[in-house]
Amino acid sequence: MYPSTVFNQVRTAVADFSAYSQDPKAVIVPTYFSYQGNQFITQFFFYDGPAPPPGTFDNFTNIPSTSRDLKTRSYLDIILSTGVNSSSGLR
């Protein structure tokens, strides 16, 4: 999760990934949201294989974040970790 102070860095990383990533197994899912008047970007990374090649997500992991839950996991585990209904009652 990234705070608004680094939005330009995240947008640049998203644009670079979109323009230059040639690996069909590497996926990013950026989501912009607001919580209690503060703006954030949540960035999900997924690599459909045992491990991504070195540097695949470095443009994102090198940006300071407010929270991080980055580890190797199954696809089901990443879906369950998203807190599908975490914003219930907050809209």
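**View 1. Six aromatic pairs turn up when the whole structure is searched.** Rings of Phe, Tyr and Trp (its six-membered ring) count as a pair if their centres lie within 6.5 Å. Planes under 30 degrees apart make a pair stacked, over 60 edge-to-face, and the rest tilted. Take Phe7 and Tyr32: their ring centres are 5.8 Å apart and their planes stand at 85 degrees, so this pair is edge-to-face. It links distant parts of the chain, with Phe7 in helix H1 and Tyr32 in strand E2, 25 residues apart. Is Phe7 buried or exposed? Phe7 is buried, at a relative accessible area of 11%, while Tyr32 is partly exposed at 44%. Here buried means under 20% relative accessible area, exposed means over 50%, and partly exposed is in between (1.4 Å probe, protein chains only).

Before moving on, a word on what you're looking at. This is a predicted model, where local features need pLDDT of at least 70 and side-chain atom pairs count only at pLDDT 80 or more, though totals for chains, interfaces and linings use all residues. Residues are numbered from 1 along each chain as its sequence is written, and side-chain values use heavy atoms, leaving out hydrogens and water.

**View 2. Phe17 and Phe57 form a stacked aromatic pair.** Their rings sit 6.1 Å centre to centre, with 20 degrees between the planes. Phe17 belongs to helix H1 and Phe57 to the loop between E3 and helix H2 (58-61), so the pair ties together parts that are 40 residues apart in sequence. Both partners are tucked away from the surface by the numbers: Phe17 is buried at 13%, and Phe57 is buried at 11%.

**View 3. The largest nonpolar core has 15 residues.** A nonpolar core is a set of buried Ala, Val, Leu, Ile, Met, Phe, Trp, Tyr and Cys residues joined through side-chain atoms within 4.5 Å. Which residues have the most contacts inside this core? They are Tyr2, Val10, Ile28, Phe57 and Phe60. H1, E2 and E3 each supply at least two of the core's residues, and the largest share, five residues, comes from H1. Now follow Phe60: leaving aside neighbours within four places in sequence, it is in contact (heavy atoms within 4.5 Å) with several residues. Among them are Tyr2, Val10, Ile28 and Arg68.

**View 4. Three strands make an open sheet in the order E1-E3-E2, with antiparallel pairing.** Strand E1 (2-3) and strand E2 (26-35) are at the edges, each with a single partner strand, so one side of each has no neighbour in the sheet. Two strands pair if DSSP finds at least two bridges between them. How many bridges join E2 to E3? Ten bridges do, and strand E3 covers residues 38-47. Thr31, for instance, stands opposite Thr42 in E3, and Tyr35 has Asn38 as its bridge partner. E2 and E3 form a hairpin with two residues between them, and Gln36 in the turn has a positive phi of about 50 degrees.

**View 5. Gln43 is a buried residue, with 9% relative accessible area.** You'll find Gln43 in strand E3. Not counting residues up to four places away in sequence, Gln43 touches Tyr2, Val10, Val14, Ile28, Val29, Pro30 and Phe60.

**View 6. Ser21 sits in the loop between H1 and E2.** Ser21 is partly exposed, at 29% relative accessibility. Skipping residues up to four places away in sequence, Ser21 touches Asp16 and Ala26. The C-alpha atoms of Ser21 and Thr56 are 8.1 Å apart, although 35 residues separate the two along the chain.

**View 7. Helix H1 (residues 7-20) lies across E1, E2 and E3.** H1 runs at about 150 degrees to E2. For that angle, axes are lines fitted to C-alpha atoms, for helices over the stretch in contact, and angles run from 0 to 180 degrees between N-to-C directions. Stepping back, the protein has three helices and three strands, following the pattern β-α-β-β-α-α along the sequence. Helices (H or I, at least four residues) and strands (E, at least two) are DSSP runs, numbered from the N terminus. Of the 91 residues in the protein, 24% are buried.
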